[in-house]
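Hi everyone, thanks for coming. Let me put the structure up, and then we can walk through it together.

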There are 2 protein chains.
Amino acid sequence: MPISLPREPDFAKAGGLVPAIAQDADNGEVLMMAWMNPEAFAETLATGRAVYFSRSRGKLWRKGEESGHVQTVVSIFVDCDADCVLLKVRQEGAACHEGYRTCFFRQITPEETKIVGDRLVDPAEAYGKKP
Amino acid sequence: MPISLPREPDFAKAGGLVPAIAQDADNGEVLMMAWMNPEAFAETLATGRAVYFSRSRGKLWRKGEESGHVQTVVSIFVDCDADCVLLKVRQEGAACHEGYRTCFFRQITPEETKIVGDRLVDPAEAYGKKP
């Protein structure tokens, strides 16, 4: 069976939202996972800036619109089942709202859970009220 | 507020299943995204082999049990919201059931969708009936 070449993820199959993984295009670090609806995907593709759909706020989330920690998209991939997106990005500042470069800053081992990332910015400063 | 150090993802918050990203521990390639329930996570942590929960089959999916394309887990991370897992793995053979090294073998650009990966194995051979 030939491999299909979809122009976008299969949002309908996935219930309207697909997971989107953001990976540092330069060093390969996985930065975060968020969700996309068709509008978020289309805007990301068209503008070259990562746009997600915030499930908690119920609206488009233009990554970095508040913190300045934008993601410039280098390339976009869709997986074999067309229900997951991978973005390779150039990350400005910290991807994580906790101020870490990556959201995956905690490692779980059979013995313990430990913080393995360095905090780049103070979350209160990045997301607090601007003067 | 201090950073919490959970021993497992917050499955309850996520509705029972969390996305799990598998990344090549050596070259950083994102290989696939699948789902984990508490049993899949616990078995992965205990055995050092990636185990997911297959939503389509409704049961644990010990990656590679049919194809031999197992994932040996090098390290496990949980994201800031504790609702996504990142596994760094050593992948035997192809991660993708289509025979590609990674499931993200199709790139979407504003102009086209194209295959960018090389097929390592014939899916019919990997998943067909064994003699």
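**The annotated domain and the A–B contact**

So, UniProt, in an unreviewed entry, places the feature "domain: Phosphoribosyl-AMP cyclohydrolase" at residues 32-105 of chain A; positions are in the numbering used here, feature names are shortened, and annotations may be inferred rather than shown by experiment. Please keep in mind that this is a predicted model: local features need pLDDT of at least 70, side-chain atom pairs count only at pLDDT 80 or more, and totals for chains, interfaces and linings use all residues. Residues are numbered from 1 along each chain as its sequence is written, chains are lettered from A and ligands numbered from 1 in written order, and side-chain values use heavy atoms, without hydrogens and water.

Within chain A, residues 32-105 are 14% helix and 38% strand, with the end C-alpha atoms 10 Å apart. Helices (H or I, at least four residues) and strands (E, at least two) are DSSP runs, numbered from the N terminus.

Now, the partner chain. Contact, meaning heavy atoms within 4.5 Å, takes in 47 residues from chain A and 47 residues from chain B. Together chain A and chain B bury about 3,900 Å², 65% of it on carbon and sulfur atoms; that is accessible area (1.4 Å probe) lost on putting two parts together, summed over both. Phe104(A), Arg106(A) and Ile108(A) supply 20% of the area chain A buries against chain B, more than any other three residues.

Finally, β5(A) and β7 (residues 106-108) of chain B run antiparallel, joined by two bridges; strands pair if DSSP finds at least two bridges between them. There, Val78(A) stands opposite Arg106(B).
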